[in-house]
Amino acid sequence: MWRLLILFTTLCSVSVEALREDLFLEPPENLVTIVSCVKHLCDKYYKSERAIKGSLGLIYLKPDSSLFQIQLLKSFHEDPRHEMGIMPKNSRRLHPDASHVTDRAKNYFLMVREASELASHISMFRRLPTLNPLAQVVILFTSEMTPEVFGVEVRKALQKLFDYWFLNVNVMVQRYNTSVLEVWSWFPYENGRCAEEIIDIRMIDECEYAEVEEETEEEEVELVEPEVEQSNETYVNSSSSNEGDSLHPKKTAWMFRETHFFSEYEPKLPKYFNDCPLKVSTPIWEPFVVGNETAVEKGFEVLMIEAIAARLKLAPIYKVIETERATARITVDKDVGFYADLIRRNSDIMIGGLYENPISRKLLSTTIPYYQDDMTWCVPPARLAPKWPNVFIIFNIWIWMLAIGIIFVCAGIIAGFNTFEQGYPENYTWMLVQSLALSLGLSATYWPQRLSIRLFLLVYMFYGMHWDVAHHSFLITVMTRPRFEKQISTAEAAIEKAFKFLGPENSLVFFDKPDTVSKHIASVYKTCPNVDDCLARINADQTVAVAVSRAHSQNSKTIGEAEMFCFARTHNIQTYPVEMMVKKDFHILAKINDLIRRISESGLLGKWQVESNKIRIDTDSGGGGGGGHGDAQIVLTVAHIEGAFFLVGIGLGISAIAFVGELVYFGLKQKYNWEDSVFSRMIC
């Protein structure tokens, strides 16, 4: 009802003076006789495939108040089914604000005197958010034309709409000097053609709404069927009335005389497309598209295109986009920009792991999503940790401090016991060695006489045995299992380590954010014309982070998956749905989307993804060897126990220093006749 209110308000707001401000000639009076046929055939064309409740229809008015135009608007307005909301427009009156219109027009009705007048109408509806080149378009010529002139004008009208990608176009004209309405059209894929140019046009319908008088009520009206091959005539009774006196009663009936030139409505888009070319532009981007600079080989998006083309009987033709163009900043440049082929309509579709952005939403159309990918950071994997601390990392620092403290305390206790028993004349250093030997489960040269001291040493030996078993058990595990340094796994950690951030130029938009991390990355970000070359740098530089598609990083031929580490999904730069880009309002987009749904539901998409993911694996394993080394025996080398040698070296160094110190001490003692102190007797 609100659409009817808008229609009524719009019609009332157009003054008679404004309607007359035009140089067009008044249409012929007998044009009024085709109003019913125009409405009757529009009902059929606008509902040719399915009736869409509440769909939007734009009627472009001529700025005149002719009886024909008024009656035509009235016929649309009084449609009892109200299946179409009407938006009357005038090419000379700009729409004040069309932002509130959210529905795309499903139907257009344009009235022109000749084909040249279509330019103003097209420029008008191209500025509206309701623009829909896939809609049904009906053009009505309001001037009478001879068949020769009309043939020329029809071709001009169809070509003008075709230049703006409208294919579903029917042209109406009143047959010269009659009340018969003819409808002409063209079929883009008729006779093996490929919607490239308008060659054949043909009449698809004709209609006449005629008055028939009968002399008596019993006499039936006889209608002569036109001789038309493959025609289907329909006669529809309208209202009737009785006039005249009782002696000569007459009955007047209005009837449609309608001829269809096909047994049923023939759609403009066929089921199959005559092996017409489907032009596909793509960068080489594994696993979506696999190939080289000159040819496309495989990839799961390529398999999708092949399946769609086979089902619709299309012949895919691939054009490879150079890598530098594919990674450059996305622009509206229609000559060298990434979307140039689609914007200029030199290609029909584009693949390669693509996703929507503000520019593509404005200039292109997209298929439904069929895969989810991530933009993430890939960095060098954590390096192997040095092996010399193997002896020490078995326990944490507190356990080591406790164990060392026990050795010193027990050495003091043993030294005290030895002094109490007046045993061996050994100092504290020697007792420290004995304590260390006992703590490691080794023998010691100390034989105490008292039972209490022996019991203490027995407990200490059990402690040493337990410590020794634990130490050796964990030591074997540590030495035979690789250890790694802490892995860089977040952007914050990479910034802290002064990493260099690289990636394609078109990924810079992801860092146009106010947070400090994004600002820092944007300030140091270096662009890569070829992302695979940047990924290869990971092998040589331990401070490189590359922004790349997760799916591509797992399938790049330049670097193995095990040779880099990509951040977890919780630390993605961006997560996005993968779609195919198609030229704006591509007329077979609906059929492609339907096939993508069926491919996804059938499980073929998952199968193709697995097959495409094998590309890099098969390539890497081609050389043979190297497999199964995870189960091979590990042979320990000096590097695994180099910590022990470090200890020996440290011990020898300390001993050498102590030896030199003792020589100096005794030399000074003899020279200056020093007496022994408690400390010297205890240490030396």
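This is a predicted model: local features need pLDDT of at least 70, side-chain atom pairs count only at pLDDT 80 or more; totals for chains, interfaces and linings use all residues.

1. Let me begin with helices α5 (residues 118–126) and α6 (residues 147–163), whose axes come within 11 Å and cross at roughly 25°. Since angles under 35 degrees count as roughly parallel, α5 and α6 are therefore roughly parallel to each other. Their crossing is right-handed.

2. Which residues make that contact? From α5 they are L118, A119 and I122, and from α6 they are A157, K160 and L161. By class, the contact of α5 with α6 has five nonpolar residues, no polar ones and one charged.

3. The other pair joins α7 (residues 300–312) and α18 (residues 589–602); here the axes come within 10 Å and cross at roughly 120°. That angle makes α7 oblique to α18. As for handedness, α7 passes α18 in a right-handed crossing.

4. The residues of the contact of α7 with α18 comprise eight nonpolar, no polar and three charged.

5. Next, the second largest pocket, which holds about 960 Å³ of space. Its lining has 45 residues, and those nearest the pocket centre are P283, W285, A326, T327 and N506. Sorted by class, the lining of this pocket has 22 nonpolar, 13 polar and ten charged residues.

6. Which elements give two or more residues to the lining of the second largest pocket? They are the helices and strands labelled α8 (323–327), β14 (349–354), α10 (358–363), α16 (531–536), β19 (544–549) and β21 (574–582). The largest share, four residues, comes from α8.

7. How many cavities of 30 Å³ or more does the structure hold? There is one, and about 40 Å³ of space lies in the largest cavity. Its lining consists of W186, F187, E190, R193, E197, I199 and D200. In terms of class, three of these lining residues are nonpolar, none is polar and four are charged.

Notes. Residues are numbered from 1 along each chain as its sequence is written. Side-chain values use heavy atoms; hydrogens and water are left out. Axes are lines fitted to C-alpha atoms, for helices over the stretch in contact, and angles run from 0 to 180 degrees between N-to-C directions. Angles under 35 degrees count as roughly parallel, over 145 as roughly antiparallel, 65 to 115 as roughly perpendicular and the rest as oblique. A crossing is left-handed if the near helix is turned anticlockwise from the far one by less than a right angle, and right-handed if clockwise. Ala, Val, Leu, Ile, Met, Phe, Trp, Tyr, Cys and Pro count as nonpolar, Asp, Glu, Lys and Arg as charged, and the others, Gly among them, as polar. On a 1 Å grid over the protein atoms alone, a cavity is a set of points where a 1.4 Å probe fits but cannot get out, and a pocket is an open set with protein on both sides within 12 Å along at least five of seven lines; lining residues have an atom within 4 Å of a point. Grid points are joined across faces, edges and corners, and a volume is the space filled by probe spheres set on the points. Contact means heavy atoms within 4.5 Å.
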